[in-house]
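Hi,

Here is the structure I promised to pass on. Have a look at it first, and my notes on what turned up follow below.

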Amino acid sequence: MNRLVSVGSAVVLGGIAVLVSAPAEAGAWMRSGGEYRYSAGLSHSRADQYYDADEVRQDAGCTANDLYLDQDLEYGHSYYHTLFGKFSAARKSCGGETSTEGGDLELGIRGRLNPLRNGRTWEASLLIPTEDSTSDPARLGVGSYGLQLGLHGRFAAGGSVLRQRHLSTGAEVRLWEGDPSDRLRTYIDYSWPLYTLEMKVGVNGDFSLRNGSGESDWDNQRRPADDYERVNVGGSIRKSYGEWSVQYRISHVVWGWNTDASTTVGVSISRSWME
């Protein structure tokens, strides 16, 4: 019963968050039937401090330098449905110890909330563990199966037809099997054109429903807690070259609970094409 109450609360909060809350640009956008989009991103995260269980920022026992590779493939199955898959890998190092591993595999479907326009979507995806890394001190994957449900929106926020500004927002609920706490992730960002560039700033939050029984404290040795919360602020610059686009981005954790106080910079390349 408590779990159902928690999940119900998350759905309500998620609906509110869609109106007031942040990032996953691809989540709000449907592909045309027969259209593919592939994106690969490389990012570097650095942290020498962390937020403890009292939300107080502390010095860490070592300086973490983590390298991430993110890949994302989408396919427009029809006008009404887009299929997608996501996978990440990381090389994490701190205090002379290094770990390389894959994260969870995400396979899902996206549909239109409004059949007459783009930028209003729902998502459902399955999260599949690629390796059970619950004992790894620098694990990337959760090591459990999960279900993610999301709502996303992208709205015009002024400007001319060809140089329009946009507000994007959304929320996702992640429900995990076993020990990990279920999670609510929200975001809001604002984008505008600058010459031939797309500029973007945003805020995103990753919150725990605190209904799990896994690791709940950061132990100052870069072992992530299963139960954590964080808020990031960041920005990006995107340049398009026909089918291709390049995006440079930066983000920083401004508040947290049982999580690192990291700064992340990255670059991604994407291509969209018809079959």
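A word on elements before anything else: helices (H or I, at least four residues) and strands (E, at least two) are DSSP runs, numbered from the N terminus. This is a predicted model, so local features need pLDDT of at least 70 and side-chain atom pairs count only at pLDDT 80 or more, while totals for chains, interfaces and linings use all residues. Residues are numbered from 1 along each chain as its sequence is written, and side-chain values use heavy atoms, with hydrogens and water left out.

**Overall**

The secondary structure comes to 1 helix and 14 strands. Of the 275 residues in the protein, 43% are buried; buried means under 20% relative accessible area, exposed over 50%, and partly exposed in between (1.4 Å probe, protein chains only). The accessible surface is about 13,600 Å², with 58% of that belonging to carbon and sulfur atoms. These areas come from the Shrake-Rupley method with a 1.4 Å probe, and for residues only the protein chains shown count as cover.

**Glu 172**

Glu 172 sits in strand β8 (residues 164–176) and is buried, at 7% relative accessible area. What does its side chain make a polar contact with? The partner is the side chain of His 152, at 3.5 Å. (A polar contact is a pair of N or O atoms within 3.5 Å; within protein, one must be able to donate a hydrogen and the other to accept it, and residues adjacent in sequence count only if both atoms are side-chain atoms.) Not counting residues up to four places away in sequence, Glu 172 touches Glu 123, Gln 148, Leu 149, Gly 150, His 152, Arg 183, Leu 184 and Arg 185, where contact means heavy atoms within 4.5 Å.

**Gly 85**

Over in strand β3 (residues 81–94) there is Gly 85, which counts as buried at 17% relative accessibility. Leaving aside neighbours within four places in sequence, Gly 85 is in contact with Gln 71, Asp 72, Leu 73, Glu 106 and Leu 107.

**Salt bridges**

Side chains of opposite charge can pair when their charged atoms come close. I get 13 salt bridges here, taking one to be a side-chain nitrogen of Lys or Arg within 4 Å of a carboxyl oxygen of Asp or Glu.

- Arg 31 and Glu 35 meet at 3.6 Å, N to O. Arg 31 is buried at 8%, and Glu 35 is buried at 14%.
- Arg 154 and Glu 198 meet at 3.9 Å, N to O. Arg 154 lies in strand β7 (residues 146–159) and Glu 198 in strand β10, so this pair ties together parts that are 44 residues apart in sequence.
- Glu 229 and Arg 210 have their closest N and O atoms 3.2 Å apart. Glu 229 is in strand β11 (residues 229–241) and Arg 210 in the loop between β10 and β11, 19 residues apart. Glu 229 is buried at 8%, whereas Arg 210 is partly exposed at 46%.

Salt bridges with shared partners also join Arg 31, Glu 35, Glu 74, Arg 110 and Glu 123 into one network.

**Aromatic pairs**

Rings of Phe, Tyr and Trp (its six-membered ring) pair if their centres lie within 6.5 Å; planes under 30 degrees apart count as stacked, over 60 as edge-to-face and the rest as tilted. The count is 4 aromatic pairs. Tyr 36 and Tyr 75 make a tilted one, 4.7 Å centre to centre with 40° between the planes. That pair links distant parts of the chain, with Tyr 36 in strand β1 and Tyr 75 in strand β2 (residues 57–76), 39 residues apart. Tyr 36 is partly exposed at 24%, and Tyr 75 is partly exposed at 21%. Tyr 190 and Trp 192 are stacked, because their ring centres are 5.8 Å apart and their planes are at 25°. Ring pairs also link Tyr 36, Tyr 75 and Trp 273 into a cluster.

Most residues other than glycine have a negative phi. Tyr 195 has a positive phi near 55°; Tyr 195 is in the loop between β9 (183–194) and β10 (197–208) and exposed at 70%. Asn 258 also has a positive phi, of about 60°, in the loop between β12 (244–257) and β13 (259–260), but Asn 258 is buried at 1%.

Over to you!
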